Amino acid sequence: MRNPQLDAAGNLTHLLTLEGLPAEVIVRILDTAVPFVSIAERDVKKVPLLRGRSVFNLFFENSTRTRTTFEIAAKRLSADVINLNIGASSTSKGETLLDTIDNLVAMNADMFVVRHSQSGAPHLIAAHLNRTRRAHVHVVNAGDGRHAHPTQGLLDLFTIRHYKQDFRRLRVAIVGDVLHSRVARSLIHGLTTLGTPEVRAIGPKTLLPTAVRTLGVQVHHDMHAGLQGCDVVVMLRLQSERMRGALLPSAGEYFKHYGLTPEKLALAKPDAIVMHPGPMNRGVEIDSAVADGARSVILPQVTFGIAVRMAVLSLLAGSAG
Amino acid sequence: MKIEIANGRLIDPKHGVDRVATLFVAAGKVAAIGEAPAGWSSKRTIDATGLVVCPGLIDVAARLREPGFEYKATLESEMQAAVAGGVTSLACPPDTDPPLDEPGLVQMLKHRARSLNQAHVFPVGALTVGLKGEELTEMGELAEAGCVAFSQAEAPLADTGVLLRAMQYAATFGHRVWLRPQDPHLGRGGVAHDGEVATRLGLPAIPAAAETIALATIFALVRETGVRVHLCRLSTAEGVAMVRAAKAERLPVTCDVAVHHLHLCDVDIGWFDPQCRLVPPLRATRDRAALRAGIADGTIDLVCSDHTPVDDDAKQLPFGEAEPGATGLELLLPLTLKWAAADGVTLPAALARLTSQPAAMLGIDAGHLAVGHAADVCIFDPEAHWTVEPAVLRSQGKNTPFLGLEVPGRVRATLVAGQVVFES
């Protein structure tokens, strides 16, 4: 089966997941993002690459941060941005998801930025557009269920490359709730595709997927051993509804075992960087001293995120013409 | 009407028949096999040269969607699908709306089905009122109305105490209980097998232990109560091993597998194909191999279609929201033939899984061809291949993971009680 996000010539028509994306495509996106970082530092933060195009932010699940960064990215490219917060599940509205899409395509949408609580929703939309010969309308996955968050993965890769240059000599630790994390899945696929020799997943068994090793990671339950010698430490967000219950006894015990403190960070390499996709739970997965410390690159991640999203939107728009 | 089905390859697994012979049908029954009865004159002759003539197929799991889900399918559409697939008897699970928990509903369904004059319908009654898993249904009344067994369909029965009581009560009157083995707690919220694919795709998962825990519970309660249990839709390698052991122990259990589980595994979900959203979930390749071995060696008694017509609106949704199930009545024979050909199973052995075996499990006089017994007959061309496409399916449900696949076995004619109800 062909990867549904590539056309027959191997060009990106949708961005749905980093899994199966060739390294050249990932590198092209990262390279394209580089000049966009400096645009943000100018007085006039706009380029006309997407002038006249309509980008629909289609958020079936609430998100302020991701929606805002996509909105900024699209506006800096001079696109018209339409925000639709559909909130509830597609089925409860009486209109099916694909009916919604057909209606918006009839309004001449050029791009959909889709956030959905169900894994695979953007694939369903992309497959529908491909099947009905409307692949000139592009789909960007802005996070689907536990499955993927490819622009977050790309901005994480951009950040790592910015500080560490070569992926082929890195040891990266991803700590926390990998089971429910689309961020972790996307980052793991991106890192392994770019040749990172060692990716570690660190967490309790309740928060790691059963077959996590098949993603190409080493598993550690002891964070001390897991952080040993790492170049990059990526902390994952722990959703508040998972802090107590059958997955974990308490936020306090979680922090004791898997919270990133200055003492634990000392086990990583002296120049290790600390990342977090945000929003952070201080005192749950990360100590403030680390979050605000010299090795934290959490705020640069946000800045790079806009550049990376500009790169994705402009590359997709380019593939249409 | 006197009908002569001439020169076909007559395969009747129950009686060990596999030879070229002519079948004579009169007054709804088989009148003779081989030689015409004295003074015979046919009103009609069906030339079955090069075709297989076998007992009409029996499908123990076909959802007809009535009452309650007529927008997904109707009795008319699904009964046509049945006979087009060579199925002349079918059992339908109680998960209608309302569920089949009252004799009146069962009588109405039987009456509606009879008036269509196509396949015979054998309703399976609800084990508990409303399938809620709390109170027992009036099994005696339901059996009188025509229920052949009692089941929870896909509704969970979380309370083991209720399950024990239901089994004791059913055993008292000799009713058979059908159960789909799945621990309700481990199964809750899951949509895919707990393995590599669910990990990659981020799909909520159902571990194999959901099936094995339920099997262990059921077997313990069977030992306790002596009730006859039919296990529906086995899906795991460990489950097959447990059933093998239970049979070696001579527990009164039988079991089935859905035909799609013989061909597909979780990898076929690909990029979230909602057609592969099935219950139980498609499992790993090793599970599929064990199911194929289990049906070949008799651990699994029979193959069913688990026919579930689903409308497009309910299917074309993100994987986890898509309604589970696949249409199957018209694919039961082709997919069973495909399995048999690939695994070197003979045609009579394969057909036994669709005729004599389900008849024995249901305890009905069907699934064989004998003089004086009902002439339910399936005539098919084992060499004819066809492509599964929405337009060729008579079922209102076009939902199947096999769309586009070329399959062997085309039904040429179907007879129910001596009448030709389908021809192509």
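**Exercise 1. The four-stranded sheet of chain A**

In which sense do strand 1 (residues 54-59) and strand 3 (residues 111-116) of chain A pair, and over how many bridges? Determine also the strand order of the sheet and its edge strands.

*Solution.* The structure is a predicted model, in which local features need pLDDT of at least 70, side-chain atom pairs count only at pLDDT 80 or more, and totals for chains, interfaces and linings use all residues. Residues are numbered from 1 along each chain as its sequence is written, while chains are lettered from A and ligands numbered from 1 in the order in which they are written.

Step 1. Strands (E, at least two residues) and helices (H or I, at least four residues) are DSSP runs, numbered from the N terminus. Two strands pair if DSSP finds at least two bridges between them.

Step 2. Strand 1 and strand 3 of chain A are joined by five bridges in the parallel sense. Within this pairing, A:F59 has A:R115 of strand 3 as its bridge partner.

Step 3. Strand 3 of chain A also pairs with strand 4 of chain A, again parallel and over five bridges.

Step 4. The open sheet has four strands in the order 2-1-3-4, with parallel pairing. Strand 2 (80-85) and strand 4 (138-144) of chain A each have a single partner strand, so one side of each lacks a neighbour in the sheet. Direction ignored, neighbouring strands of this sheet are turned by 15° against each other on average; axes are lines fitted to C-alpha atoms, for helices over the stretch in contact, and angles run from 0 to 180 degrees between N-to-C directions.

Step 5. Strand 4 of chain A is mostly covered, with seven of its seven residues buried. A residue is buried if 20 or more other C-beta atoms lie within 10 Å of its own, exposed if 12 or fewer, and partly exposed in between, with C-beta atoms placed from the backbone.

**Exercise 2. Helices 3 and 4 of chain A**

At what angle do helix 3 and helix 4 of chain A pack, and which residues make the contact?

*Solution.* Step 1. The axes of helix 3 and helix 4 of chain A are 10 Å apart, and the packing angle is about 55°. Helix 3 is therefore oblique to helix 4 in chain A; angles under 35 degrees count as roughly parallel, over 145 as roughly antiparallel, 65 to 115 as roughly perpendicular and the rest as oblique.

Step 1. Helix 3 contributes A:L97, A:L98 and A:I101, and helix 4 contributes A:A121, A:L124, A:I125 and A:H128. Contact requires C-beta atoms, placed from the backbone, to lie within 7 Å.

Step 2. Six of these residues are nonpolar, one is polar and none is charged. Ala, Val, Leu, Ile, Met, Phe, Trp, Tyr, Cys and Pro count as nonpolar, Asp, Glu, Lys and Arg as charged, and the others, Gly among them, as polar.

Step 3. Helix 4 (residues 121-131) of chain A also lies across strand 3 and strand 4, running at about 165° to strand 4.

**Exercise 3. Helices 1 and 5 of chain A**

How do helix 1 and helix 5 of chain A cross?

*Solution.* Step 1. The axes of helix 1 (residues 23-39) and helix 5 (residues 150-164) of chain A come within 10 Å and cross at roughly 70°. The two helices are therefore roughly perpendicular to each other, and the crossing is right-handed.

Step 1. A:I26, A:I29, A:L30 and A:A33 of helix 1 meet A:L154, A:L157, A:F158 and A:R161 of helix 5. By class there are seven nonpolar residues, no polar ones and one charged.

**Exercise 4. The five-stranded sheet of chain A**

What is the strand order of the open sheet of five strands in chain A?

*Solution.* Step 1. The order is 7-6-5-8-9, with parallel pairing. Strand 7 (218-220) and strand 9 (273-275) are the edge strands, each pairing on one side only. The twist averages 20° from one strand to the next.

Step 1. Strand 5 (residues 171-175) and strand 8 (residues 232-235) of chain A run parallel and are joined by four bridges; A:A173 is bridged to A:V233 of strand 8.

Step 2. Helix 6 (residues 182-193) of chain A lies across strand 5, strand 6 (198-202) and strand 8, at about 170° to strand 5.

**Exercise 5. The side of chain A that touches chain B**

How many residues of chain A are in contact with chain B?

*Solution.* Step 1. Contacts link 26 residues of chain A with 19 residues of chain B.

Step 1. Helix 3 (97-106), helix 4 and helix 6 of chain A each supply at least two residues to this side of chain A. Helix 4 gives the most, with three residues.

Step 2. The side of chain A that touches chain B has 10 nonpolar, 12 polar and four charged residues.

Definitions and conventions. Two residues are in contact if their C-beta atoms, placed from the backbone, lie within 7 Å. A crossing is left-handed if the near helix is turned anticlockwise from the far one by less than a right angle, and right-handed if clockwise.
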